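I opened my notebook to look up how this chain is put together.

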Amino acid sequence: EDNLDAPDVLRMLLEVEGHQVEIAGDGHAGLALALEGRFDAVVCDIGLPGLDGLELMARLRAADAGTGTGGNRPLTIALSGYGQPQDRERALAAGFDRYLVKPVAPGVLIEALAGVAP
């Protein structure tokens, strides 16, 4: 997430729901974190500094395919201010499982994470 306050709000929301949360401040840090950690879900902004969310996801999916861990990959949710149909299509083509447009209602995000163990 490229907004300085939004990650803290998301963290609080998800922690209240019982999730453990780690935050990265830019695309490169987010990719490194996603590649190192064993996450059940990744919520990622598209307009990230350094490496945008589309490229981050493409690289993450390529790494998954290269290691044969595609079946154990985390649920991925794009959380973006870009709301045009082509934005959603590009994100899903990059490998995101779901696409939510900001501002997203807390219940919508929690619902999108349904099935992910807190």
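Which residue in E2 does Val-43 stand opposite? I looked it up and found Ile-77. I note that the model is a predicted one.

**Entry: the sheet**

I followed the strands next. Three of them form an open sheet, in the order E1-E2-E3. The pairing is parallel. I marked strand E1 (41–44) and strand E3 (98–101) as the edge strands, since each pairs on one side only. Neighbouring strands here are turned by 20° against each other on average, direction ignored.

I went back to E1 and strand E2 (residues 75–80). Four bridges join the two strands. I reminded myself how such pairing works in general. Strands of a sheet pair through backbone hydrogen bonds, either parallel or antiparallel.

**Entry: the cores**

I looked up the largest nonpolar core and found 16 residues in it. Among those with the most contacts inside this core are Cys-44, Leu-56, Ala-91 and Phe-96. I asked which elements supply at least two residues each. They are helix H2 (27–36), E1, helix H3 (53–67) and helix H4 (85–94). H3 gives the most, with four residues.

I then picked out Phe-96. Leaving aside its neighbours within four places in sequence, Phe-96 is in contact with Cys-44, Ile-46, Gly-53, Met-57, Thr-76, Ile-77, Ala-78 and Ala-91. So much for that residue.

Last, I noted another core, which lies apart from the largest one. This other core has eleven residues, including Leu-75, Leu-100, Ala-112 and Leu-113.

How values were computed:
Residues numbered from 1 in each chain as written. Predicted model: local features only at pLDDT ≥ 70, side-chain atom pairs only at ≥ 80, totals over all residues. Heavy atoms only, no water. Pairing = 2+ DSSP bridges. Axes fitted to C-alpha atoms, helices over the stretch in contact; angles between N-to-C directions. Core = buried A, V, L, I, M, F, W, Y, C linked by side-chain atoms within 4.5 Å. Buried < 20%, exposed > 50% of the residue type's maximum accessible area, 1.4 Å probe, protein only. Contact = heavy atoms within 4.5 Å.
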